[in-house]
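Let's take a walk through a protein model together. Have a look at it first, and then we'll go through it piece by piece.

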Amino acid sequence: MTCNNRWGPARTCGPTSPSQRARASRVLGGRKSATKSAEPLPEPPEWHLDGARLSAFGSRRCPLLGLPLRCVPQRPQLVTGSRFLAFLEQHCPITVETSYPTLWCFEGRLQTIFQVLLQSRPLVPYCSEVLQTPDGGWLLLDCAEQHGSSQYPDPATQPIVLLLPGLTGNSQEAYILHLVDQALRDGYRAVVFNNRGCRGEALLTHRAFCASNTEDLETVVNHIKHHYSQAPLLAVGISLGGILVLNHLARMGQAAGLVVALTLSACWDSFETTSSLETPLNSLLFNQHLTAGLCQMVDQNRKVMEKVVNVDFVLQAHTIRQFDERYTSVAFGYQDCVTLAEPRTKVDAIQIPVLCLNAADDPFSPVHALPLQAAQSPHVVLLITAQGGHIGFLEGLLPWQPCYLSHLFRYAQAVFQHPAELRGLRAPSPSQGGKS
């Protein structure tokens with residue numbers, strides 16, 4: 001069955017196969033701290049952040065319940081410049097509202113694990129498109145749209161949400177399905193950028209994906225803008241996808257092709273992430289599983305891989321760090337792909353507004369790994385919740401319905417409905433200082 005419309009070439013349409021659905025994995029996170037505000041804000045004291053206070057965020061215990069204080073409803077912490085803060089307070093109030101995490105998921109690892117086990121999987125009618133890459137490879141894009149949107153009747157200007165899944169993830173992950181479903185409900189067109197090899201397709205070259213290499217993302221953005229040059233484009237990157245988005249923004253500046261971006265559980269400091277994932281419990285729960293998925297992809301594409309890397313040596317990797325040393329650095333020609341991948345040092349280069357959600361209890365990265373310098377950037381917002389784990393953010397007693405991630409999608413409404421104010425964020429006044 002084919003789907004022909006203005007998007008481009010004909011594409012196979014409909015749900016993916018059961019074997020492709022089974023290829024579910026998770027992603028990556030990160031963080032440093034925050035600086036004090038240059039002038040006081042008309043908010044309660046908890047809005048001011050310093051490094052010690054943010055590290056203690058959610059670590060105290062509730063005297064009545066005896067549970068960690070992060071399990072008690074709290075307002076998230078915001079780290080940003082004053083203009084972006086004012087925009088969010090006015091048009092995206094969820095960023096300053098109290099969150100209600102699932103009480104019995106009182107630890108970040110529980111949030112991370114139960115998100116995978118409990119979240120429902122809404123049915124999304126994808127149309128899949130094959131996109132050729134300049135190096136002879138290919139990408140699979142899964143597209144979804146609601147025809148006849150009352151809010152955006154002109155397809156040429158209908159907003160587009162580009163979603164980037166996490167490490168080895170694809171368009172069938174529960175968190176992606178919920179975000180796509182929410183995008184369709186809001187009248188947007190959704191496109192999921194599956195990294196090479198993550199939808200079960202055979203690789204045509206030895207290159208799969210790397211967080212520090214944004215060439216494939218640039219190809220996808222240019223492809224979308226070629227077909228819909230007048231449509232505003234929002235990129236949503238989850239974990240590894242968030243790193244790609246941030247690196248793309250830092251590399252391309254104003255020419256990134258996006259009006260705005262959103263990252264969820266992105267890793268800011270690769271060294272802190274790998275160190276946290278190599279602690280005994282995190283290694284058992286996450287690191288070994290993710291590494292096994294990466295090795296499986298290499299083994300399935302042994303024929304093209306063995307031209308460049310020692311496949312048997314790669315398959316002996318037990319951690320993501322070892323896999324990067326044995327495959328990623330070699331395949332992409334990097335001496336140190338881990339350091340190149342981290343966006344923590346690139347905040348000042350970002351010139352497109354981006355909202356970055358991280359949880360203080362993310363097991364993939366300790367809270368001190370978030371970038372303090374975001375407080376001095378007019379374009380970057382850190383939204384930090386006390387609880388949420390890694391791509392968890394479960395809410396309510398029975399958290400199988402849409403969670404905080406879907407609710408945060410109101411950010412898309414804010415930026416699409418108030419483009420003039422958003423453009424004003426790109427021209428900060430010289431006197432603007434860091435706020436939180």
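Two strands count as paired if DSSP finds at least two bridges between them. The strands themselves (E, at least two residues) and the helices (H or I, at least four residues) are DSSP runs, numbered from the N terminus. Before we use those ideas, keep in mind that this is a predicted model, where local features need pLDDT of at least 70, side-chain atom pairs count only at pLDDT 80 or more, and totals for chains, interfaces and linings use all residues. Residues are numbered from 1 along each chain as its sequence is written, and side-chain values use heavy atoms, with hydrogens and water left out.

Let's start with strand S11, residues 380-385. Which strands does S11 pair with? Strand S10 (residues 354-359) runs parallel to S11, and 6 bridges join the two. Strand S3 (residues 77-81) pairs with S11 in the antiparallel sense, over 3 bridges. Leu382 of S11 turns up in both pairings: Cys356 has Leu382 as its bridge partner, and Val79 stands opposite Leu382 too.

Is S11 buried or exposed? Here buried means under 20% relative accessible area, exposed means over 50%, and partly exposed is in between (1.4 Å probe, protein chains only). 6 of the 6 residues of S11 are buried, so the strand is largely enclosed by the rest of the structure. Val380, Leu382 and Ile384 point one way, Val381, Leu383 and Thr385 point the other way, and all are buried.

Now for the nonpolar cores. A core like this is a set of buried Ala, Val, Leu, Ile, Met, Phe, Trp, Tyr and Cys residues joined through side-chain atoms within 4.5 Å. The largest one has 49 residues, and Val180 and Val236 touch the most other members. Helix H5 (residues 174-185) gives the most to this core, with 7 residues. Leaving aside residues up to four places away in sequence, Val180 is in contact (heavy atoms within 4.5 Å) with Val124, Tyr126, Ala144, Leu163, Ala190 and Val192. Apart from this core lies another, of 41 residues, among them Val221, Leu233, Ala250 and Ala374.

Finally, check out two loop residues. Thr168 is in the loop between strand S6 (160-164) and H5, and its phi is near 60°, a positive value in a residue other than glycine. Ile391 sits in the loop between S11 and helix H14 (404-407), and Ile391 has a positive phi of about 55° although it is not a glycine. Thr168 counts as buried because its relative accessibility is 6%. Ile391, at 0% relative accessibility, counts as buried.
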